[in-house]
Amino acid sequence: MNAIIVAEFGGPEVMRAAQVDDPVAAPGHVVVRVRAAGVNPVDTYIRAGSYARLPPLPYTPGFDGAGEVESIGAGVTEWAPGDRVYIAALGGWRGTYAERMACTPQQIFPLPAGVSFGQGASLGVPAATAHRALFGRARARRGETVLVHGASGAVGLAAVQLAKAAGMRVIGTAGTEEGRALVLAHGADAVFDHRDPARVSAMKTVTDGRGPHVILEMLANVNLDTDLGLLEPGGRVVVIGNRGRTEIDARQTMGKELSILGMALWNVPADELVRIHADLVNALAAGSLRPVVGREFPLEQASRAHVAVLEASAKGKVVLVT
């Protein structure tokens, strides 16, 4: 089968397409014929060797995917060949950038009819991250206002949709007119240009001068200090993404008793992940979660996909088609 192999850490060019042996469904495992593989920013950090957790070399990237169960090993009773599934294989290093992948039954989830494989490949990291940030870390509640930075990306769009479905008011930021239109189309109540110096005062205006209760932050090194000034008393900011050091005025956390909460999917307990994905499957079936595929690349062009996923104008999910 075709697969992407990384034999050394470095730039996108270190990813090579290669022919490798097909996986076999060992006892307690299934083999999925991968039709689409999701590309996440974290994939690029790992490939570059700059992430906190790195795989032994060589490895195949990719935590997200979707396809059909092709074969099952002894002892597997909950899945059958032909089942449509999405893959959420966080923590494994024989990844989804391949035509087939061996998974445990706990790494795959039902993909409802009407949800494409590309959309299914948009769930494992982005939608689970959005869910964990909103409900697991921020404890966001019906009636609260949530600000989603980078709302036109895969995590941001999932957060907008999940928050709206839970009865929250949602405002977002995006860097392009097209991106802002996309965020509005997926349920946001207001969207602002994150480059506009007037955005903070405008956000205050639409929240009746109080600011949001919750902020989901995708670039904390740029926005965190501003976030603290914007939050209403008792507000929470969840740091989902960061690309460098930052300086904040910690006094802002004191007067309003604000909380800065970090998160990483690596830390989510297994039982909570089960609950998260049960919620996501229900949201997919109900139509309240509608992943957006922004760009698709053939598997062999994984290097191009790694460049595209980090572009400031990226909208929705970047997907490899196998």
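Colleague: Let me start with one residue. Does Y59 count as buried or exposed?

Modeller: Y59 counts as buried, because its relative accessibility is 4% and the cut-off for buried is under 20%. Keep in mind that this is a predicted model.

Colleague: And how does W93 count by relative accessibility?

Modeller: W93 comes out as partly exposed, at 22%.

Colleague: How many aromatic pairs does a search of the whole structure find?

Modeller: The search turns up seven aromatic pairs.

Colleague: Why is the pair of F63 and W266 edge-to-face?

Modeller: Look at the angle, since planes over 60 degrees apart count as edge-to-face. The planes of F63 and W266 are at 90 degrees, so this pair is edge-to-face, with ring centres 5.8 Å apart. Here, too, distant parts of the chain are linked: F63 lies in the loop between α1 and β4, and W266 in the loop between β13 and α9, 203 residues apart. F63 is buried, with a relative accessible area of 3%, and W266 also counts as buried, at 18%.

Colleague: Which residues form one aromatic cluster?

Modeller: F9, Y51, Y59, F63, W93 and W266 form one cluster. Another ring to look at is F117: R84 lies over its face, at 4.8 Å from the ring centre.

Colleague: How many cavities of 30 Å³ or more does the structure hold?

Modeller: There are three of them. About 80 Å³ of space lies in the largest cavity. The lining of this cavity comes from 14 residues, with S122, A154, A158, P291 and V292 nearest its centre. α3 and α4 are the elements that give two or more residues to that lining, and α4 gives the most, with four residues. By class, the lining of the largest cavity divides into nine nonpolar, three polar and two charged residues.

Colleague: Why is α3 largely enclosed by the rest of the structure?

Modeller: In general, an α-helix has 3.6 residues a turn, so residues three or four places apart point the same way. For α3, count the buried residues: they make up 13 of its 15, so the helix is largely enclosed by the rest of the structure. Just after α3, R139 takes a positive phi of about 55 degrees.

Colleague: Which residues touch the most other members in the largest nonpolar core?

Modeller: Those are Y86, Y97, L134, L216, L289 and L320, in a core of 65 residues. Apart from that core lies another, of 14 residues, including L147, I171, L231 and V239.

Notes: Residues are numbered from 1 along each chain as its sequence is written. This is a predicted model: local features need pLDDT of at least 70, side-chain atom pairs count only at pLDDT 80 or more; totals for chains, interfaces and linings use all residues. Side-chain values use heavy atoms; hydrogens and water are left out. Rings of Phe, Tyr and Trp (its six-membered ring) pair if their centres lie within 6.5 Å; planes under 30 degrees apart count as stacked, over 60 as edge-to-face and the rest as tilted. Buried means under 20% relative accessible area, exposed over 50%, partly exposed in between (1.4 Å probe, protein chains only). A charge sits over a ring if NZ of Lys or CZ of Arg is within 6 Å of the ring centre and within 35 degrees of the ring normal. On a 1 Å grid over the protein atoms alone, a cavity is a set of points where a 1.4 Å probe fits but cannot get out, and a pocket is an open set with protein on both sides within 12 Å along at least five of seven lines; lining residues have an atom within 4 Å of a point. Grid points are joined across faces, edges and corners, and a volume is the space filled by probe spheres set on the points. Ala, Val, Leu, Ile, Met, Phe, Trp, Tyr, Cys and Pro count as nonpolar, Asp, Glu, Lys and Arg as charged, and the others, Gly among them, as polar. A nonpolar core is a set of buried Ala, Val, Leu, Ile, Met, Phe, Trp, Tyr and Cys residues joined through side-chain atoms within 4.5 Å.
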